[in-house]
Amino acid sequence: MKRLAFVLIAVAAALPLAAQSFPEGDVVAYIDKVDAVTLPVNSKGRMAVVDTFSSGDDRASDGFFVRKDNRVVWVATAPASQKNFALLRDQDVFWQRFAATNKVVKTSATANSRGGETSNLDLTRFNTNLDYAVKYLGEDDVDGKACYRFELRAKNRKLAYSLVQLWVEKSTRIPVKKAFFAVSEKVLKYYTVTKAEMKDGRIAEMEMQYVDALKPQDTSRLRIFDITPLSSVPEQFFTREYLESGRLYPYEF
Amino acid sequence: MKSSVLATALVIALAGHAAAQDQAAFKLSGDVDAQAISSAQNMSSVFQGFTPFSEVAAGGIIDGKLAFSRRYTTLGLFDFTFQENNVLDHNGAKIESLSLLVNELYADLNYGDLLYLRLGKQRLKWGAGFIYNPSDPVNPPKDPTALRAVREGVTALKLEVITKPLSVMTFGVLYDVLGQTGVGSRVSTPLIPNTDLALSGYWSQNESWTLALNASVAPLYEMPGWDTLQLWFEGCIYDKARYLLVSSAPAVYPYYSFLTGGTATLPEIRTVVLLEYYHLSEGLSAGDLAGAYQGVRAGTVPRSYMAGRPARLGSDYLFISVTQPTLTDDGNLVFDKIGLLASCLVSLTDASFFATGGVTTTFVKDSEVDLTVTWANGGPETEFGNALSSVAVTLDAKVFF
């Protein structure tokens, strides 16, 4: 009798899991495909960020980035006072280069070196599976788009958000919404994709709107454009020595 | 001078070669700075009449960087400072001066993605210290009392092999006096977790040898909130004295110097705190320093011995700096555009100090207005007590381009 009760409980517990089994197979492989749609593993692109505050003030900065898997270097091209400021992510280690002196120091993933709602991690996070353990939560709808919903839990405490929820549009594999939670599981901020242009099955230009969940009037508009796949990217780009040498310059390509 | 001319010729030749490459472009960036300074003269300073002093001065500075690049990689750089200075009240006379300083002028070449070559006037990376690099025998020394001063490079040929586990830099430095010409090497590695380690060596016929160790550690990098804490150490031993001796007491051999420091950004309020301490085995004791100043006043010790060694006369110094990048960071129309800075350099040898306080405002796009006050004080036989300017107020208006 006890054995029967145990089996019944186990079956009952497994029911929701069975209901949420991912229809497209392996979740990890699917998330890799989603990342590939957003940004090729070896690529370069340009980024423009505008922070808008409830006070009416706004702050803009532009830059370019070069990506090699989970290593990214981001160099500011505007405003003029920040030209040459750079942010380097080498796996889980972050560095920043001061605009005026070329001095390079370690920085934090959670810091927002350029200000606004976008953290250093937001500017350099492009490989979801390396940073997070992904779990499928079910189907959902975002602004009329049919989506898969996932839960992302940080693999490393250094990462900015312990919990993230991700909505991926079924038809395009574009991550149309992401919500970032604090350790207390309270929503800190979220973004929605407001514009996406596809080319050859991947995004050529994308615009996201970050919203501060605690102060919804404070937003950041992040635009990634001129996304270009590269056949190879030198390893040296992602070392402190190379960044400090000043060779990676804010050339507006 | 000769070495600078040689460097210029070589850089122009290399830039010409690089110009033939595809997608090459020149980019100019920098700032134009209009500056006004009002200073109060320290009447008890031994440097009165020896070092030029003006109560009120105004001028313009253009700090520019002309980079020559292909795509996002530089092929060369011309970093310059053009300064025009007017002394408005110098015993009733008006003195105008113009100067152009070439800080760096170099060309970059690379062979594949491994070997990098830089030729020309350049700053060679050496120490971990923020205000001063006591182990650096190559570059013109930083002045801890002039943190915003532009630093000149040296004419050198540098070869770098950069790999992820290990980077090696080897260089030869060319000075006008052949005997000062030297060669050096630096090996750095990030292999120890959260640590960057570098070993350096330098040799020249006149300066003899220097061996240096630099280390930077982020001990709590794994802990969110505490990951901005960084500690560093810079130390060296060397063979020959770097400064003319004004003391009869023999210095400890081999000569040595070291600096240790740390910084952290306070969570939420974003205040950056920085602390550095350095020790120079060649530095004078308080008694020797007092004796040296008495000697200057008596005419037995040349004033040039003391003037050319800013914040390096004594043996021990402590530097504390607190920076608030902006008062708020939430879109406030006023407080988001105001930053504060306070720092103090204390000579632990003679208890004199050099303090700085400032306000930075950025109300207009691509511009900055700074108000800075410096204050030097101590007794009549102390280092900062003999600074020529006791109090100085500087107003800067900068436009970035």
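In helix 2 of chain B, the buried residues are Leu289(B), Ala292(B), Tyr293(B) and Val296(B). Viewed down the helix axis, these buried residues fall within an arc of 95°, so they line one face of helix 2 of chain B. The cover over them includes helix 3 of chain B, residues 303-307. Helix 2 itself comprises 13 residues, 286-298 of chain B, and reaches 18 Å from its first C-alpha to its last, close to the 18 Å expected at 1.5 Å a residue. Gly299(B), with a positive phi near 85°, follows helix 2 of chain B.

The model described here is predicted. For the complex, the predictor gives an ipTM of 0.82 and a pTM of 0.86. Chain B has a mean pLDDT of 88, with 90% of its residues at 70 or more. For chain A, the mean pLDDT is 85, and 87% of the residues reach 70 or more. Among the elements of chain A, the highest mean pLDDT, 95, belongs to strand 9, and the lowest, 51, to helix 1, which spans residues 2-19. Where pLDDT is low, the predicted coordinates should not be read in detail.

Strand 9 of chain A, residues 163-169, is largely enclosed by the rest of the structure, because five of its seven residues are buried. Strand 9 pairs with strand 8 of chain A, residues 145-154, in the antiparallel sense over seven bridges. In this part of the chain, Trp167(A) is the bridge partner of Arg149(A). Strand 9 is also joined to strand 10 of chain A, residues 175-181, by six bridges, and these two strands run antiparallel. Here Lys178(A) is the bridge partner of Leu166(A). Strands 9 and 10 of chain A form a hairpin with five residues between them. In the turn of that hairpin, Arg173(A) has a positive phi of about 65°.

Further along chain A, Thr192(A) lies in strand 11, residues 187-199. Leaving aside neighbours within four places in sequence, the contacts of Thr192(A) are Val176(A), Lys177(A), Met208(A) and Gln209(A). Between Thr192(A) and Asn127(A), the separation is 65 residues in sequence and 18 Å in space, C-alpha to C-alpha.

The contact between the two chains takes 31 residues from chain A and 37 residues from chain B. On the side of chain A that touches chain B, strand 6 (104-107) and helix 5 (240-244) of chain A each supply at least two residues. Helix 5 of chain A gives the largest share of this side, four residues. By class, the side of chain A that touches chain B has 11 nonpolar, nine polar and 11 charged residues.

Methods:
Residues numbered from 1 in each chain as written. Chains lettered and ligands numbered in written order. Predicted model: local features only at pLDDT ≥ 70, side-chain atom pairs only at ≥ 80, totals over all residues. Contact = placed C-beta atoms within 7 Å. Nonpolar A, V, L, I, M, F, W, Y, C, P; charged D, E, K, R; others polar. pLDDT = per-residue confidence, 0-100. Expected span 1.5 Å × (residues − 1). Buried ≥ 20, exposed ≤ 12 C-beta atoms within 10 Å, placed from the backbone. Arc of directions from axis to C-beta. Pairing = 2+ DSSP bridges.
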